[in-house]
Amino acid sequence: MKDRISMRQAGIISLLIIFSNKILLLPSLMHEYIKADAMFAIIMLFAIEFLAVPIFLKLKRTFPQERLYDILKRYITVVGAKLLYIASLVFMIFKALLVFSVVYVYLKEQIYQNEFVWIALISFLPIMNHAVMSGIKPTARTMELFFGVLIAGFVFCLIISFFTPISTPYFFVSSAKDIFASIYKYAFTFGDSLFLYLIIDKIDYKKSEEKKFYFYVAFGMFLVVALFFLFYCKYQLTSFMHNNALADLLVFSVHFNAIGRLDIVAMLTIMLSTLFQMELFCYGFCESFISIFPPLNKKYAIILFDLMFLILYYIFIGKYEIMVKSTITWLPVLGVIMGYIFPLACYIFTFLKRRGNNEKSD
């Protein structure tokens, strides 16, 4: 198979997808619900997310060349596999819708000051579609090329926040019940490791590169946790009023000596990471669609994604508030299934495979 990626590229993909839906609106949403104690919730949510990584690697070692669909078909029947892939398909398109909705509102406030949705769609849809048609390998290579620039921009925003007034936020102001409830409430904004499972057969596994893969995942989570902490240090009681966390870290420091406005760094970082995330979610959607309907190729999947994206955006999620509300009402159910239950099921499959091999050897 030519369309394969290395473990390093898979690690970079996992890091970039960890950023999705967490670096703009989420800190504000979580602060509104549990104040700065959102720090504890985000760490617990990342702990759950991180557990999916060794399960993924174990699944890859157990089934080195098999597609996820074939593994599921073996253990939960064809019907069960198709149902899970339908859930994956829905999960991916709503992830893309959430990313687009949040970033679109951010760019509208920062650049155009009015509606420019058609410009946004014309700008990113062709690029996204071409990336998906080209395959995961060239997409991963592009991400690898821009990875250093993107991380440098992210870290730069974190560092500049130290040049503004910050102080330690107030912790332990929310009940333990609310903190644990947030693990469910914000489940949909996590579970991004699902994408790796969908492309498990396209990754060239090397045991010697496992540590490198873990590093990328842990580093991505560390950056997001650092963002949350610095954001709450900067705004404390008013964090719920600021919906663009990464960009808002630069407020009051947009002019730095003779350099000029620094918020352009956050803007470019957000735009670049958003484009990559949209490509990955579209690719995950197409992988799910092709597995459900094998006779149809990727072109049909991309056309369906574009149509569903436009219809859902204009008819169902035409308002930004509706998308945000859906994220914390009914979409957490999907998040729990794909982010919590699905990796656990995959771990059970590896156990069943090992037990089957032991019985054969006996």
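**View 1. Lining of the largest cavity.** The largest cavity has 20 lining residues, and Ser20, Asn21, Lys22, Leu24 and Val102 are the ones nearest its centre. The model shown here and in the other views is predicted. The space inside the largest cavity is about 180 Å³. At least two lining residues come from each of helix 2 (26–34), helix 4, helix 11 and helix 13 (320–327). By class, the lining of this cavity has 12 nonpolar, 7 polar and 1 charged residues.

**View 2. Lining of the second largest cavity.** The search of the whole structure gives 2 cavities of 30 Å³ or more. The second largest cavity holds about 70 Å³ of space. Ser14, Ile17, Ile18, Glu49, Val53, Asp192, Ser193, Leu196, Val217 and Met221 form its lining. Two or more of these residues come from each of helix 1 (7–18), helix 3 (38–62) and helix 9 (210–235). Helix 1 gives the largest share, 3 residues. The lining divides into 6 nonpolar, 2 polar and 2 charged residues.

**View 3. Lining of the largest pocket.** The largest pocket contains about 410 Å³ of space. Helix 4 (68–112), helix 5 (117–134) and helix 11 (263–292) each give two or more residues to its lining. Of the 17 lining residues, Leu107, Ala120, Ser123, Phe124 and Met271 lie nearest the centre of the pocket. Helix 4 supplies the largest share of this lining, with 6 residues. The pocket lining has 15 nonpolar and 2 polar residues, and no charged ones.

How values were computed: Residues are numbered from 1 along each chain as its sequence is written. This is a predicted model: local features need pLDDT of at least 70, side-chain atom pairs count only at pLDDT 80 or more; totals for chains, interfaces and linings use all residues. Side-chain values use heavy atoms; hydrogens and water are left out. On a 1 Å grid over the protein atoms alone, a cavity is a set of points where a 1.4 Å probe fits but cannot get out, and a pocket is an open set with protein on both sides within 12 Å along at least five of seven lines; lining residues have an atom within 4 Å of a point. Grid points are joined across faces, edges and corners, and a volume is the space filled by probe spheres set on the points. Helices (H or I, at least four residues) and strands (E, at least two) are DSSP runs, numbered from the N terminus. Ala, Val, Leu, Ile, Met, Phe, Trp, Tyr, Cys and Pro count as nonpolar, Asp, Glu, Lys and Arg as charged, and the others, Gly among them, as polar.
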